[in-house]
2 protein chains.
Amino acid sequence: MTIDTKILSALRGAGTNGVAGTELSQKLGISRAAIWARIEELRSLGYEIEASPHLGYRLLSVPDVLHADDLLSSLGNTKVVGRDIQVFEETTSTNDVVEKLARDGVKEGAVVFAESQTKGRGRLGRKWISPARKGLWFSVLLRPPLSPLAVTQLTIAAATALFRAIKSQTGITPEIKWPNDILIRGKKTAGILTELSAEPDKVKHVILGMGVDVNLGAGEFPVELRKLATSLRIETGQRQNRAELAVKILQELDRDYDRICSGQFEALADEWEEYCSTIGQRVTIRVGERKIQGTAESLDTDGALLLRTQHGHLERIIGGDVTVEK
Amino acid sequence: MTIDTKILSALRGAGTNGVAGTELSQKLGISRAAIWARIEELRSLGYEIEASPHLGYRLLSVPDVLHADDLLSSLGNTKVVGRDIQVFEETTSTNDVVEKLARDGVKEGAVVFAESQTKGRGRLGRKWISPARKGLWFSVLLRPPLSPLAVTQLTIAAATALFRAIKSQTGITPEIKWPNDILIRGKKTAGILTELSAEPDKVKHVILGMGVDVNLGAGEFPVELRKLATSLRIETGQRQNRAELAVKILQELDRDYDRICSGQFEALADEWEEYCSTIGQRVTIRVGERKIQGTAESLDTDGALLLRTQHGHLERIIGGDVTVEK
């Protein structure tokens, strides 16, 4: 933890009571002058911190920026996810940044956010728009003890984490569209890009990229997406706190990742099936050039979708584009 | 093709007849003086090229170095493998070099050789010794239209290519030990390291790394490997031409890769099964912490090994360490 993380953590812990400069100074083992300098720095970043003679320092509001120390301070103790957090003003794609970290041997759990991406991407190289400070564009590095076959389990974990975090933050119940979309009232509001590096029988690392359209206005979507995509702000009618949502997603993901690593994927899959609007539907799935029709029945033990075809047999499907038949 | 490639190709085509300087000059569209300068350069690299007034230029011998232009000139027209060849005097690991090329968008078929590797590796991060000019240490970039599930097909292709090339070059019939070793008289003489980068349902690229112990003497293996590993030179009693072997391997791999891409994996699998000493044996396979016993029956359609367990059911195995029961 950096000094800023510790100060923000103490301010959050004290709430409206505030915390005295002397107390902070003792707790952190640095001079009151040094504390004052850091408080000034935080203020310059947009944190509203009141300093009063008898209440000490009080945190009144936080700015709508992603601040690595602040995210770490709010996150608390997670097992893996968010051990290290970095925030970039702009990157090409956070998945690319994390890929480089992975190759440099960085430990799993590292998370990279970008306020904007110049080359954000979705599945199969599709473009993902990521305007500055309007959403959450981030990637998580994981090194799971899985075979490449079972990596879909992590997409399932990410979708479940996004579902729960969005629901608890906004009160709206979204739906999961297999394999990697979160919809609200039928429109896409978040997506997941899972990328892996592996030997045929062993994963080296997985990068879970997530994009959440938080505070975009309707006009900020490209015209061709307006009927297909939405944001939490459009759906709730109010701006959402991105940092709070980010912290919730990481906490939920940490919990789900722990379930996968401790062999409890089945419980996670059951929860996912409850949230997933694709299950039980008659669907057409395009996998490359192939079209498969049938009823989405459930998840297989490794995260693949089990589709009951017209001919009555079960097909395992790892990825594809789903159209629900009306 | 560079000028050197064209010159070497013409010299090879002419054989003992030789080719006149004027002919070369016309064919290549450059001056006789320029041809002469390139011939001098090739000689400085160790190529023995005779220049006689009435026979013109004749290629008498080539040095025991890997030379990208020369390999390209010998390779002839392959469909994919060897479109581009680079040779490094020393790298960490050729798989790492190709990984960087892949991320820079280089086309499939690129091959990187190193005369020596400082961090050569085998499966699961194991060390692979790669002394200078004693073997073939190289990696091939492929972008196959496969799901990550089916990437084992490429290890099968590489093993089959190594088998055929070694057999045709040395006259010795090696054996394939599933999943990725080539043995001669029970000792390892070549290995394959397959690494992939993917989304859960689609491969982005695969790197096939291969190491062949060609001209190592017994004393050049670490003591602990001497009972387990051998070289083509030890087994045949004579030094082998590394460039010729390299070209044969790439040609064979090109052929097998084409079979996979055109949906003929089954024919390849049949051939592989013939060469594989693991098939039909009672084996113990360690997969991580797990030990599975049974009889290796055949290959599944995606390249996985089908093992008939003691309890009579078939297990699909993607990778592991095999011990044959005596």
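Q: Is A:Leu24 buried or exposed?
A: This is a predicted model, in which local features need pLDDT of at least 70, side-chain atom pairs count only at pLDDT 80 or more, and totals for chains, interfaces and linings use all residues. Residues are numbered from 1 along each chain as its sequence is written, while chains are lettered from A and ligands numbered from 1 in the order in which they are written. With C-beta atoms placed from the backbone, a residue is buried if 20 or more others lie within 10 Å of its own, exposed if 12 or fewer, and partly exposed in between. A:Leu24 has 24 other C-beta atoms within 10 Å, so A:Leu24 is buried.

Q: Which residues does A:Leu24 touch, leaving out those up to four places away in sequence?
A: A:Leu24 lies in helix α2 (residues 21-28) of chain A; helices (H or I, at least four residues) and strands (E, at least two) are DSSP runs, numbered from the N terminus. Contact requires C-beta atoms, placed from the backbone, within 7 Å. Beyond those sequence neighbours, A:Leu24 touches A:Ile7, A:Ala10, A:Val19, A:Ile35 and A:Tyr57.

Q: How many Å apart in space are A:Leu24 and A:Thr323?
A: In sequence, A:Leu24 and A:Thr323 are 299 residues apart. From C-alpha to C-alpha, their distance in space is 56 Å.

Q: Which are the edge strands of the open sheet in chain A?
A: The sheet has 5 strands in the order β13-β12-β11-β10-β14, with antiparallel pairing; two strands pair if DSSP finds at least two bridges between them. β10 (residues 282-287) of chain A pairs with β14(A) over 4 bridges, and A:Ile285 has A:Val322 as its bridge partner. The strands that pair on one side only are β13 (314-317) and β14 (321-324) of chain A.

Q: Which residue stands opposite B:Arg286 in β14(B)?
A: Chain B also has an open sheet of 5 strands, ordered β13-β12-β11-β10-β14 with antiparallel pairing. There, β10 (residues 282-287) of chain B and β14(B) pair over 4 bridges. Opposite B:Arg286 stands B:Asp321.

Q: Why is α8(B) oblique to α9(B)?
A: Axes are lines fitted to C-alpha atoms, for helices over the stretch in contact, and angles run from 0 to 180 degrees between N-to-C directions. Under 35 degrees is roughly parallel, over 145 roughly antiparallel, 65 to 115 roughly perpendicular and the rest oblique. α8 (residues 242-261) and α9 (residues 265-275) of chain B have axes 7 Å apart and pack at an angle of about 135 degrees. That angle therefore makes the pair oblique.

Q: Which element gives the most to the side of chain B that touches chain A?
A: The contact takes 20 residues from each of chains A and B. Those of chain B divide into 8 nonpolar (Ala, Val, Leu, Ile, Met, Phe, Trp, Tyr, Cys and Pro), 5 charged (Asp, Glu, Lys and Arg) and 7 polar (the others, Gly among them). α6 (152-170) and β8 (187-199) of chain B each supply at least two residues. The most, 6 residues, comes from β8(B).

Q: What rotation superposes chain B on chain A?
A: Copies are superposed by least squares on the C-alpha atoms of residues with pLDDT of at least 70 in both. Here the RMSD is 0.1 Å and the shift along the axis 0.0 Å. The two copies are thus related as by a two-fold rotation axis, and the rotation is 180 degrees.

Notes
Contact = placed C-beta atoms within 7 Å.
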